[in-house]
Amino acid sequence: MDGIALHPDWESLLRLRDAPSPLPDGALEGALGALFGPLLAPPRAADGCIVVGRLAQTLDGRIATASGSSQWIGGRGDILHTHRLRALCHAVVIGAGTVRQDDPRLTTRDCAGPSPVRVVLDTDRRLGADFTLFREGPPTLLLCAEDAAGPDRLGLAEVLRLPRSGRHGEGHGGLHVPAILAALAARGLTRIFVEGGGVTVSRFLAAGCLDRLHVTVAPVLLGSGVPAFTLPEVARIADGLRFAWTVHALDPDVLFDIPLHRARPGEAAGAAP
Ligand SMILES: NC(=O)c1ccc[n+]([C@@H]2O[C@H](COP(=O)([O-])OP(=O)(O)OC[C@H]3O[C@@H](n4cnc5c(N)ncnc54)[C@H](OP(=O)(O)O)[C@@H]3O)[C@@H](O)[C@H]2O)c1
């Protein structure tokens with residue numbers, strides 16, 4: 001396993017963030033290049049986006065205690081990794097549940113690099129304007145249902161209205177995920193980091209809208225709490241999603257880097273359509 005937490009090559013990788021693609025041969029060598037290089041590659045999906053989902057979970061698959069506390073499941077290396085994902089991506093997406101619980105800033109503070117546009121998913125506009133994201137910092141978009149009442153701004157955030165997923169027969173709840181990606185791509189935001197929580201990452205996965213998963217597993221057992229992934233029930237083990245993965249040491253945690261086939265996430269990316 002490669003140690004990636006305190007790697008010296010971050011600055012040179014960051015310089016490739018806005019380089020014209022495809023990148024020159026040899027540009028993405030080393031442990032950081034192997035981990036982040038796929039995110040800098042030209043998008044393969046028709047929507048023109050590359051989407052990476054990330055969660056830090058316990059050994060028993062929890063991302064927070066039952067009361068919602070999640071700081072911090074992963075160690076310093078995982079926090080640095082999360083900030084690097086923010087720095088490499090154009091937009092960071094989070095669900096309303098995480099805003100309500102954590103009141104995050106979603107800026108890039110632990111590594112060099114720009115902060116992404118912040119994107120909050122709040123279907124029915126239950127969040128008030130007093131959260132930090134809506135009062136200060138980089139640009140923020142609030143994405144809600146097209147039938148949700150309210151003005152076109154929430155504090156400093158611009159409000160975008162999108163179809164609900166149910167109208168397209170998906171049944172995952174929330175907003176239609178492909179419409180989320182189309183709305184972001186229309187603004188030039190094509191490298192998308194879905195930072196959590198579990199409901200949000202699961203909805204992107206179930207909708208076939210994730211290219212990659214980064215899951216940090218910490219040596220912690222809670223025995224209860226908020227689940228990492230919630231997906232449609234399966235009857236047999238064989239029906240679960242089974243992945244190929246690359247494992248990185250993120251001392252004291254372990255990071256699983258999982259390439260996904262968008263439409264069939266249980267098959268390795270790159271498999272014949
Ligand atoms: N360990 C980690 O890596 C990590 C990361 C992030 C958060 N957390 C923790 O996880 C907890 C929150 O996670 P969670 O899974 O309960 O909730 P969440 O994913 O943060 O938010 C879920 C809510 O976001 C909205 N939403 C999500 N996807 C949507 C979509 N496609 N369209 C429209 N709206 C969408 C919905 O809000 P409405 O129901 O209001 O419409 C949904 O109920 C907190 O305790 C937080 O601290 C942990």
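Which residues does Gly225 touch, not counting residues up to four places away in sequence? Before selecting anything, note that this is a predicted model, in which local features need pLDDT of at least 70 and side-chain atom pairs count only at pLDDT 80 or more, while totals for chains, interfaces and linings use all residues. Residues are numbered from 1 along each chain as its sequence is written, and side-chain values use heavy atoms, with hydrogens and water left out.

**Gly225**

Select Gly225, and with that sequence limit its contacts (heavy atoms within 4.5 Å) are Arg62, Ala64, Thr65 and Ala66. Gly225 belongs to the loop between strand E10 (212-217) and strand E11 (226-227), where helices (H or I, at least four residues) and strands (E, at least two) are DSSP runs numbered from the N terminus.

**The ligand**

Next, select the ligand and the 29 residues around it, of which Thr98, Arg126, Leu175, Val199 and Thr200 come nearest; a residue is near a molecule if one of its heavy atoms lies within 4 Å of it. By class, this shell has ten nonpolar, twelve polar and seven charged residues, with Ala, Val, Leu, Ile, Met, Phe, Trp, Tyr, Cys and Pro counted as nonpolar, Asp, Glu, Lys and Arg as charged, and the others, Gly among them, as polar. Helix H4 (96-102) is one of the elements that supply at least two shell residues, and with six residues H4 gives the largest share.

Now show the backbone around the ligand, where a backbone N or O atom of Gly198 lies 2.9 Å from a ligand oxygen atom, a polar backbone atom of Ala96 is 3.0 Å from an oxygen atom of the ligand, and a backbone N or O atom of Ile63 is 3.1 Å from a ligand nitrogen atom. The protein covers 89% of the 910 Å² of accessible area that the ligand has on its own, by the Shrake-Rupley method with a 1.4 Å probe.

**Backbone details**

Move to Gly197, in the loop between E9 and H6, and look at the peptide bond from Gly196 to Gly197, which is cis with omega near -10 degrees. Then select Pro252, in the loop between strand E12 (246-250) and strand E13 (253-259); Asp251 and Pro252 are joined by a cis peptide bond with omega of about 10 degrees. Finish at Asp103, in the loop between H4 and strand E5 (117-121), which has a positive phi of about 45 degrees although it is not a glycine. Most residues other than glycine have a negative phi, and most peptide bonds are trans.

Conventions:
A polar contact is a pair of N or O atoms within 3.5 Å; within protein, one must be able to donate a hydrogen and the other to accept it, and residues adjacent in sequence count only if both atoms are side-chain atoms.
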